[in-house]
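Please read it alongside the sequence and the model.

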Amino acid sequence: MENLDIQKPCVVQTPQGFSVSYKNHLLYSKYNPSKSILQTIEKLELLSGSIIICKSPVLDYGLKELDQKLPENCLLIICEADQNLYQFEKENLNLSELKANYIFPSPENLKDLPLKLYESTRKNNYKRTIGINFSAGIQFHEDFYKNLEKACVDSVMTFWKNRVTLTKFGRKYSSNLFSNLKVMGQSQPINTYLKSITKPIIVFGAGQSLDLFFKNTDIDFLKYYILCVDTALQPLLKRGIKPNGVFIEEAQSIITRSFINKMDNIHIFAGLSSTRLLSHFIKPRQISYFMTQYTQASFLDNLYMNFPQLVQNPPFGSVGLTAVYYALLFRSSTKLPVYVVGLDFSYSAGLTHAKASMAHLQRLIQSNRLTSIENHAASFSTSSIKFSDKNGQIFFTSPSLKSYAETFNNYFYNSQNLFDASLCGIPLGIERKLPNPQDLTVFNDVKNDDEDSSKNSNSNFDKETQNKLSSYLENEKKQLKRLLELLEGKIILDKKDLEKEILKIVNQREYLYLHFPDGYKFTYNQSFLNRIKSETQAFLKYL
């Protein structure tokens, strides 16, 4: 008890049980080691579908009591970030006596835990995450535990937020996908753009910093490759700037209002699940489709496996992030700078978007003596978040916009020569820098080509791929017709074979049910099958 200067965990005797000494610290009270954690467990009110992160449970104190208290469908995560304590726990914890499901990842695998919990939530219908400090062992990696718990909570919440989105828009995403697939063979493969751009790139969003950017910069835009999001197209055109490319992911047709001008020599980069109306007024050869994995599903995996020309991207949730993602892939060298403007993820009081954007024009149309042009409701709603922006000014954001900014920072913080050229908004985790004419002289080893976009204009899907695409769509129709016949009883099979045939078709086509409120997994019962039947009829029309 006297000498606690021990670099490896060691059990020590106390008046009321055992504690552990490690790095000159006792990890439990020397008076009553189990009292604190047992009191914590006793006060817990646990619900079914909970994930409990047990942080640094060096000894068995509290684990048995927690196990006995758990309702059904819960998961224990034995979480230890310290390698020495992890080895100690492997040798001393009696985990085999636990009745609940548990996992005990090694310290090096803890970084993958949030992603695994997302998949576990989908499979097991977990609904919440709770963190419990079991010992003072957390003090050695306090920030890590804090960030890990937040990431795990966010992962579970993200799954359910995505479920809400899929319930609302999942059918539209999938129906748009198949409608766009019908014209994709006439479009230009997006992979022809990868590593092809030899100019510095500017990516424009539609935040109010776009207005400030044009007031404070004077550059020759012809020397830059200009990309923008759909809602930033009109503000750029109003300023006499024709972008080289526009990114669109919006599934609803209202976004087509952003494309009211002539679109000659402007290329469209469209998500396969974006509005199907796009190809009705823009020539397919002027479009390049990419695939946002809006859900984890076999039918998307199968599509990508059949058509590797389709480039996949993560589901960022924001088309601005998607545009930045592809801008980094498009540049021919990482020496070329990519500047970000108008991705503010926030707004000042009364303003939400740049002038001439669709949101701004809509306010102008609707304004009258009773309705102001300013949109103060966005700034002062109950969910709005007030903060000081990158220039110390008072700005506002929302939980969803803030999450997009966090995603941006987490994903792009380490990207080479990616710069924030916005003059207001949420601080981004990249260097702030405005485009500078001197930048153009730095890249002598990168060929300057003023015809970047036109050099790809004659690239199309080859005949073999077009035929393969037609065969893919025909097979989908064939399988859906067979499924409909099975569900309608036109094909007579015994009960076991019928279930087997239905499962064989449906398990590869989650688009038939992923938008159901309970569609996170397939359930073989009559109610579910009746809804599947209705969706099969609808998707046959889309195809």
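On the α5 side, the contact with α16 is made by Arg171, Ser174, Ser175, Phe178, Ser179 and Lys182, and on the α16 side by Glu535, Ala538, Phe539 and Tyr542. Sorted by class, this contact has 4 nonpolar, 3 polar and 3 charged residues. The model is a predicted one.

**Helix pair α5 and α16**

- Helix α5 spans residues 142-184 and helix α16 spans residues 526-542.
- Their axes come within 9 Å and cross at roughly 30°.
- Angles under 35 degrees count as roughly parallel, and α5 and α16 are therefore roughly parallel to each other.
- The crossing of α5 and α16 is right-handed.

**The sheet**

- Nine strands form an open sheet with parallel pairing, in the order β13-β12-β11-β10-β9-β8-β14-β17-β18.
- The edges are held by β13 (312-313) and β18 (431-432); each has a single partner strand, so one side of each is left without a neighbour in the sheet.
- Within this order, β9 is listed between β10 and β8.
- Strand β9 (residues 225-229) pairs with strand β10 (residues 245-248) in the parallel sense, over 3 bridges.
- Cys228 is placed opposite Val246 of β10.

**Phe204**

- Phe204 belongs to strand β8, which covers residues 201-204.
- Is Phe204 buried or exposed? Its relative accessible area is 0%, and under 20% counts as buried, so Phe204 is buried.
- Apart from neighbours within four places in sequence, the residues in contact with Phe204 include the aromatic side chains Phe213, Phe214 and Phe221.
- Also in contact with Phe204 are Leu210, Ile226, Leu227, Cys228, Val229, Ala232, Leu236 and Val341.

**The chain as a whole**

- The protein chain has 543 residues, of which 50% count as buried.
- Its secondary structure comes to 16 helices and 18 strands.
- Among contacts in the protein chain with a separation of 6 or more, 68% are accounted for by residues 24 or more positions apart.

Methods. Residues are numbered from 1 along each chain as its sequence is written. This is a predicted model: local features need pLDDT of at least 70, side-chain atom pairs count only at pLDDT 80 or more; totals for chains, interfaces and linings use all residues. Side-chain values use heavy atoms; hydrogens and water are left out. Axes are lines fitted to C-alpha atoms, for helices over the stretch in contact, and angles run from 0 to 180 degrees between N-to-C directions. Helices (H or I, at least four residues) and strands (E, at least two) are DSSP runs, numbered from the N terminus. Angles under 35 degrees count as roughly parallel, over 145 as roughly antiparallel, 65 to 115 as roughly perpendicular and the rest as oblique. A crossing is left-handed if the near helix is turned anticlockwise from the far one by less than a right angle, and right-handed if clockwise. Contact means heavy atoms within 4.5 Å. Ala, Val, Leu, Ile, Met, Phe, Trp, Tyr, Cys and Pro count as nonpolar, Asp, Glu, Lys and Arg as charged, and the others, Gly among them, as polar. Two strands pair if DSSP finds at least two bridges between them. Buried means under 20% relative accessible area, exposed over 50%, partly exposed in between (1.4 Å probe, protein chains only).
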